[in-house]
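Reader: I am new to protein structures and would like to learn how to read one. Could you take me through it step by step?

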Amino acid sequence: MFSATVEGKGVILPAGASPGDPALLWLHVLSDLAMGLAYVSVPAVLLLLLLRRRDLDYPWLIGLFAAFILAGGATHLIAALTMIQPSPVAEGLAKSVAAAVSVAFAAALWPVLPRLLALRSPSALAREVEERRAAEERARESEARARESEARMAEFIANLSEALFVLRVTGAGEMLVETVNPAFERMFGVEAEALAGRPVEAVMPAALLRPSLPRWREAASRGQTQEYELNADLPAGRMTWETVLVPVRGEDGRVARLLGSARDVTATRRLQAGLVQSARLATVGTMCAGLAHEASQPLNVAGLWLRRARAAGDDLPATQQAMLVRAVAIVEDQLRRAGELVARIRALAGDEPRQAEVFDATHPVAAALQVAATQYAPEGITLCMEGAVADVTVRGSPARLEQAVLQLLANARDAVLERRRREPGAPARISVALQRSPGRIAIEVRDTGTGIPDPLREAIFDPFFTTKEPGRGTGLGLSIAAGVARAMGGGIEAWNLPEGGACLRMELAEAATPAAPRAAHVAA
Amino acid sequence: MGRAAGRPETERCRILLAEDEALAAMAIEDELLREGYEVVLAPDGQAALDAARVAMPDLLLTDLRMPRLDGVGLIRALRGIAPRLPVVVMTGYAPAGGAEAFRSTGEGPVSLFTKPLDMDAVLAELRRLLPSGQGRVPETS
């Protein structure tokens, strides 16, 4: 029936096809149907793709493409239908719709071409992703290296024995602590966190601040690197630092930061000062020994002949004898004073008739303190012993050590009295401390006196140096003490205390206990 | 050199005084004579040694710095003859180690006095060192 229908209707065949061939007709119909269905199926796939992948570029173009295919498919389906039931109108309409869609698609496609060309292919994208990953890897590695280097630097700064500090200089000229390293914390007994961001005047240790502030201000205002030696009196003693200040300018050209480093050279300076002192004392010692000898001869003769003169006066008349006795007494007294001076000079030469022995330093120190306490009590001066340690053995002469400590105490007393003369309400206190560190014994005498003016610091141990008015003090006391300390394997130094007054520290070499050499002797 | 007149020699202690400073020697000799000692005076160490060889003293009172032979050399030489000889040293220098420094010179005692001399202390030391009953001058005889 189907074939009859086809034959009856007189199907329009494509050119070259012989009419009335049903097989050829079905070939056309089935091919058109297959194409039409395929053309409908492709847009369905595209629509599904669009629905699932909302991120695709140019969805409208894909839509238009789907419509283009669909329109093409529709013409094939219509063609299949018109094979069986010819309808030029339907065919023409379908073709015109397909043509419109095709033209629209083609028209839309050309302008989009450059952009489509610019679209990266998935392989290009993969390559790009790979490149990015490599770049990220490189960045991570370099960051890790930087972190490692920073950690090394931080460790270096943390373990550096030099104290480092960074000060921030504000526009108003105020200086704030930015950071300090652990060596700084240790050296000055501060905590970095407590300092950070705060004004130097409020947080820096006074002993450091006082001598440093003018330098910091100068470096900030002049913008020049400064190198200088800084001295400060801390509770533990006089300290010396080699300091370098480096100003760092900000973008506006103003000094924005000061980088500072301070190296503790106290031990080196102390050693140098000790050597200078030793050399000076050695020269002075030779001089004094000669002087004592030469001066002792005429004094000796004068003294001996004075005794003869007095004895010869026994036969004189009473009035003349009285005059002679008075004259002899006066001359004798003057000779005695001159003789005492010679004895002191001789002591200074270290040329004293004494035997070195090993003894406990606590005893002569306590004895000196007791003598001084009794003498100074009427003057309202308090003496006390602080931080005593037992069994501190030294080698030398106990009597000389006692003398030396007495000299330090006498010096402290004079300073205390002088201050009280200037300020009647000033405290009058002298404290003595005996300390032990490995191999060393220290005797510290602290007073609440006038302190030592800086220019005199080096001179106070020189023989005949005195700040006292003529007639008071020979200027030999401290140099005798220095000589004793030197003879006992140590030295002496002085510094001012932050709270006022001075501290004189005598250091002595610790000796092996007396038992040890004796045992060695028995064994030998 | 002098002697306290009128005393038998055997009763008095002989002190050898070695001192190069003539004025000092003279005054010291005077004091010693007044104390009743017999004094042999020598202007240097060598002269003192020569005098000791003639008549050995009971005590040596000597300076340290002297021409020809110094005090230490003199003490050593005399102690070679009389090891227990007591010695009193008078010096403008004070040797390091004091009297102990003379220990090597012999067994006898050494006392050290620095100049200017405290003559009363020296005389007291002489009285201590020399055997009692000797060297003292009775007020009358």
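Author: Gladly! Keep in mind that this is a predicted model. Let us start with a helix lying on a sheet: helix 9 (residues 206-222) of chain A lies across strand 1, strand 2, strand 3, strand 4 (237-249) and strand 5 of chain A. Helix 9 runs at about 160° to strand 3 of chain A.

Reader: In what order do the five strands of chain A form their open sheet?

Author: The order is 2-1-5-4-3, and the pairing is antiparallel. Strand 2 (175-180) and strand 3 (226-234) of chain A stand at the edges; each has a single partner strand, so one side of each lacks a neighbour in the sheet. From one strand to the next, the twist averages 30°.

Reader: How many bridges pair strand 1 and strand 5 of chain A?

Author: Six bridges, in the antiparallel sense, link strand 1 (residues 163-169) with strand 5 (residues 255-264) of chain A. To find this pairing on your screen, look for A:Arg168, which stands opposite A:Arg257 in strand 5 of chain A.

Reader: Which order and pairing does the open sheet of chain B have?

Author: Its five strands follow the order 2-1-3-4-5, with parallel pairing. Here strand 2 (38-42) and strand 5 (110-114) of chain B are the edge strands, and each has a single partner strand, so one side of each is left without a neighbour in the sheet. Neighbouring strands of this sheet are turned by 15° against each other on average, direction ignored.

Reader: What joins strand 4 of chain B to strand 5 of chain B?

Author: Five bridges do, between strands that run parallel; strand 4 covers residues 87-91. One pair to look for is B:Val87, opposite B:Val110 in strand 5 of chain B. Helix 2 (residues 45-54) of chain B packs on the sheet, touching strand 1 (14-18), strand 2 and strand 3 (59-63) of chain B. The direction of helix 2 makes about 160° with that of strand 1 of chain B. Helix 3 (residues 71-81) of chain B lies across strand 1, strand 3 and strand 4 of chain B, at about 160° to strand 3.

Reader: How many helices and strands does chain B have, and how do the elements run?

Author: Chain B has four helices and five strands. Starting at the N terminus, the elements run β-α-β-α-β-α-β-β-α. Of the 141 residues in chain B, 40% are buried.

Reader: How do I read a helix by itself?

Author: Now look at helix 2 (residues 22-52) of chain A, which has 31 residues. From its first C-alpha to its last, helix 2 reaches 45 Å, close to the 45 Å expected at 1.5 Å a residue. Buried residues in helix 2 of chain A include A:Asp32, A:Gly36, A:Tyr39 and A:Pro43.

Reader: At what angle do helix 12 and helix 13 of chain A pack?

Author: Helix 12 (residues 362-376) and helix 13 (residues 398-422) of chain A pack at an angle of about 40°, with their axes 8 Å apart. The two helices are therefore oblique to each other. Helix 12 of chain A passes helix 13 of chain A in a right-handed crossing. Among the residues making the contact are A:Val365 and A:Ala368 of helix 12 and A:Leu401 and A:Val405 of helix 13.

Reader: Is A:Ala368 buried or exposed?

Author: A:Ala368 is buried, because 24 other C-beta atoms lie within 10 Å, and 20 or more is the cut-off for that label. A:Ala368 and A:Glu402 are 34 residues apart in sequence, yet 5.5 Å apart in space, C-alpha to C-alpha. Leaving aside neighbours within four places in sequence, A:Ala368 is in contact with A:Glu402, A:Val405, A:Leu406 and A:Leu409.

Reader: What should I look for in the backbone?

Author: B:Pro116 is in the loop between strand 5 and helix 4 (119-129) of chain B. Then find A:Tyr58, whose phi is near 50°, a positive value in a residue other than glycine. A:Tyr58 sits in the loop between helix 2 and helix 3 (59-84) of chain A.

Note on methods:
Residues are numbered from 1 along each chain as its sequence is written. Chains are lettered from A and ligands numbered from 1 in the order in which they are written. This is a predicted model: local features need pLDDT of at least 70, side-chain atom pairs count only at pLDDT 80 or more; totals for chains, interfaces and linings use all residues. Two strands pair if DSSP finds at least two bridges between them. Axes are lines fitted to C-alpha atoms, for helices over the stretch in contact, and angles run from 0 to 180 degrees between N-to-C directions. Two residues are in contact if their C-beta atoms, placed from the backbone, lie within 7 Å. A residue is buried if 20 or more other C-beta atoms lie within 10 Å of its own, exposed if 12 or fewer, and partly exposed in between; C-beta atoms are placed from the backbone. The expected span of a helix is 1.5 Å times one less than its number of residues. Angles under 35 degrees count as roughly parallel, over 145 as roughly antiparallel, 65 to 115 as roughly perpendicular and the rest as oblique. A crossing is left-handed if the near helix is turned anticlockwise from the far one by less than a right angle, and right-handed if clockwise.
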